[in-house]
Amino acid sequence: MPPLSVTLPEGERVVLPFTCSSESDPVDCAGQDRVTLDASIMFPADDAVRAYAEEAGLPLEEGRVRIGYVYLTIFFPSLMDPRFVRLSLWAATSRMSRLFATSTAVREVFTDLAVRADRHSRAPQLPCR
């Protein structure tokens, strides 16, 4: 998917590997308290991801499976600290939520994402296409 240009409420522009309502048009968050984005994320094919893919007819691509849509809501500012935003990621379906709860590979992708986000002041790279 093409990168999405997002202008944050304070005017800073970031480019993210998401779409907004499945579109790649630039998003301006001025005057908004939140924005919801979407993406397909490539997860390593552990047993749970492989079973999910087989049942859904999803192809295995170089040992990974594209799962999506995954939704991201960005809240401006975070209630915990106004210098930051709060990110909320969630699965599009109950079946996908169950996969996210049972798959070690999925948990590792999101855990690694959280660790990288803690180390960097800019948005981390997601394994998206």
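## Helix α2

The face of helix α2 turned away from its buried side carries exposed residues, namely S94, R98, A101 and T102. The model described here is a predicted one. In α2, which spans residues 94-102, the buried residues are M96, L99 and F100. These three cover an arc of only 100 degrees around the axis, which puts them on the same side of α2.

## Aromatic pairs and the F43 cluster

F100 also belongs to an aromatic cluster, together with F43 and F110. The structure holds 4 aromatic pairs. One of them joins F43 and F110, with 5.8 Å from centre to centre and 55 degrees between the planes, and it is classed as tilted. F43 lies in strand β4 (residues 34-44) and F110 in helix α3 (residues 104-119), so this pair ties together parts that are 67 residues apart in sequence. F43 has a relative accessibility of 0% and therefore counts as buried.

## Charges over rings

Two arginines are placed over aromatic rings. R86 lies over the face of F75, at 3.9 Å from the ring centre. The charged end of R95 sits over the ring of Y52, and its distance from the centre of that ring is 4.1 Å.

## Strand pairing around β6

Strand β6 covers residues 64-75. β6 pairs with β4 in the antiparallel sense, over 11 bridges. Within this pairing, S40 has G68 of β6 as its bridge partner. β6 also pairs in the antiparallel sense with strand β7 (residues 86-91), here over 6 bridges. In that case I74 has L87 of β7 as its bridge partner.

Strand β5 (residues 60-61) is another antiparallel partner of β6, with 2 bridges between them. L60 stands opposite V65 of β6. β5 and β6 form a hairpin with 2 residues between the strands, and E62 in the turn has a positive phi of about 55 degrees.

## Backbone geometry

G68, the bridge partner of S40, is joined to Y69 by a cis peptide bond, with omega at about 5 degrees. Y69 is found in strand β6.

## Cysteines

The structure holds 0 disulfides. C20 is in no disulfide, and the nearest cysteine sulfur to its own is that of C29, 8.1 Å away. C29 is buried, with a relative accessible area of 0%.

Technical notes:
Residues numbered from 1 in each chain as written. Predicted model: local features only at pLDDT ≥ 70, side-chain atom pairs only at ≥ 80, totals over all residues. Heavy atoms only, no water. Phe/Tyr/Trp six-rings, centres within 6.5 Å; stacked < 30°, edge-to-face > 60°. Helix = DSSP H or I, 4+ residues; strand = E, 2+ residues; numbered from the N terminus. Buried < 20%, exposed > 50% of the residue type's maximum accessible area, 1.4 Å probe, protein only. Lys NZ or Arg CZ within 6 Å of the ring centre and 35° of its normal. Disulfide = S-S within 2.5 Å. Arc of directions from axis to C-beta. Pairing = 2+ DSSP bridges.
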